[in-house]
Amino acid sequence: MRDTEIQQLIQAETTRQVNGVELIASENYASKEVIDAMANVFTNKYAEGYPGKRYYGGCDVVDKVESIAIDRLKKLFGAEYANVQPHSGAQANAAIFLATLQAGDTVLGFDLSHGGHLSHGSSVNFSGKIYDAQFYGVEEQSGLIDMDKVAAKAEACQPKLIICGASAYSQDWDYIRFRAIADSVGALLLADISHPAGMIATGLLNDPVPHCHIVSTTTHKTLRGPRGGVFMMGKDFENPWGRTTRKGSPIMMSSVLNSGVFPGMQGGPLEHIIAAKAVAFNEALSPGFATYQKQVKANADAMADAFVDLGYKIISGGTVNHLMLLDLRHNLDISGKVADAALGRAHITVNKNMVPFDDKSPFVTSGIRIGSPAITSRGLVEADCVQIVEWVDAVLKNSDNDSMIADIGKQVEAKMSKYSIYPTV
């Protein structure tokens with residue numbers, strides 16, 4: 001029996017993606033091979049535990065798949081340990097928290113309203129409800145993180161875990177300084193690289209693996225894989241909180257971290273998604289992936305320059321990665337919510353976003369976040385990005401002009417019809 005209702009909605013979403021310009025920084029287009037790897041009989045298999053140590057029989061094949069995914073991820077980032085089971089980036093972080101912290105322990109993360117992530121201590125998230133969340137942020141004038149203030153904050157609050165990483169910060173991270181700060185207060189250091197992971201893997205941004213105790217990431221976004229999470233370490237670190245085995249020897253962090261996922265907070269892993277992760281990691285190890293990441297950066301640079309030339313304010317002054325956060329209070333009397341909706345009518349998809357020191361609520365916001373990974377996957381280059389910025393500017397300056405927005409929408413559709421996502425669509 002064919003479920004025509006759902007099939008029609010799948011086609012509707014395919015049409016939306018084909019016709020529009022996707023500028024959400026956390027979205028991308030997985031390859032056809034990655035998508036095919038998600039739709040297979042591995043979804044039928046329960047495999048609680050880890051390769052070679054399962055609680056179910058019949059896991060010989062999935063053990064091989066998961067082991068391949070682990071080996072490819074380690075090779076991609078130069079890691080010595082990796083866990084590919086988390087269902088999402090937030091769940092990867094939850095497992096790390098569960099494995100290394102006790103309820104009420106202090107965590108120092110990047111403020112959500114300054115560009116951080118929900119799972120880095122937000123009061124509405126597990127990370128802020130179960131743990132004592134403290135925050136550092138950016139400077140109001142520069143939009144940059146002052147590392148001396150991070151050090152002072154760490155000294156004042158004595159965190160057990162420090163998190164570096166963001167969902168809307170367009171600059172690189174000083175992992176060496178963060179590690180020195182973590183060492184000074186006896187904290188673990190977690191780098192959440194969910195956004196720039198693809199750029200880090202190809203050497204375009206600083207590498208956290210040699211400096212941070214643990215590194216987590218999603219597998220979509222710039223990695224262009226299936227939706228999911230992973231975490232890894234550059235080497236085995238002994239648990240600094242003094243947990244010991246019955247024999248009294250230190251428990252190694254790899255074992256502790258594995259237990260955070262299973263049996264800590266997940267049951268059976270999604271082996272069909274892990275198969276797709278393995279495919280994506282293999283694609284990321286190819287020479288063409290590095291070329292793609294360079295174009296992602298070039299396209300982001302082109303958009304940032306074009307926005308600045310038109311009078312827009314980018315938090316931190318520009319971008320060195322794949323995204324930028326626009327503060328619409330600088331040159332327009334328009335909220336992020338209105339901007340998001342108006343651009344959507346022109347088939348240009350962005351997301352409204354809080355900006356540092358925002359005077360509007362998270363449901364309204366004063367900014368929008370823009371990224372280049374998805375349009376780069378479709379083959380657009382710098383000149384195309386400048387055209388997109390001009391469309392965005394026209395819509396934002398005429399957000400109540402439905403006829404103009406409709407006309408831009410037609411131009412968008414005409415342009416994007418030349419750039420297929422997959423061979424058959």
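Which residues does I162 touch, not counting residues up to four places away in sequence? In this predicted model, I162 touches L108, A154, F178, I181, A182, V185, A187, L188, L189 and L190 when residues up to four places away in sequence are left out.

I162 also belongs to the largest nonpolar core, which has 54 residues, and together with F77 and W173 I162 is one of those with the most contacts inside this core. Helix α3, which covers residues 60–77, gives the most to this core, with seven residues. Apart from this core lies another one of 37 residues, among them A342, I375, L396 and I408. In soluble globular proteins, nonpolar side chains tend to be buried together.

The largest cavity is lined by 15 residues, of which A166, Y169, W173, H195 and P196 lie nearest its centre, and the lining divides into eight nonpolar residues, six polar residues and one charged residue.

As for the cysteines, the structure holds zero disulfides. C157 is in no disulfide, and the nearest cysteine sulfur, that of C164, is 15 Å away. Two cysteines can be set side by side by their relative accessible area:

| Cysteine | Relative accessible area |
|---|---|
| C157 | 16% |
| C385 | 0% |

Because buried means under 20% relative accessible area, C157 counts as buried at 16%, and C385 is buried at 0%.

Conventions. Residues are numbered from 1 along each chain as its sequence is written. This is a predicted model: local features need pLDDT of at least 70, side-chain atom pairs count only at pLDDT 80 or more; totals for chains, interfaces and linings use all residues. Side-chain values use heavy atoms; hydrogens and water are left out. On a 1 Å grid over the protein atoms alone, a cavity is a set of points where a 1.4 Å probe fits but cannot get out, and a pocket is an open set with protein on both sides within 12 Å along at least five of seven lines; lining residues have an atom within 4 Å of a point. Ala, Val, Leu, Ile, Met, Phe, Trp, Tyr, Cys and Pro count as nonpolar, Asp, Glu, Lys and Arg as charged, and the others, Gly among them, as polar. A nonpolar core is a set of buried Ala, Val, Leu, Ile, Met, Phe, Trp, Tyr and Cys residues joined through side-chain atoms within 4.5 Å. Buried means under 20% relative accessible area, exposed over 50%, partly exposed in between (1.4 Å probe, protein chains only). Helices (H or I, at least four residues) and strands (E, at least two) are DSSP runs, numbered from the N terminus. Contact means heavy atoms within 4.5 Å. A disulfide is a pair of cysteine sulfur atoms within 2.5 Å.
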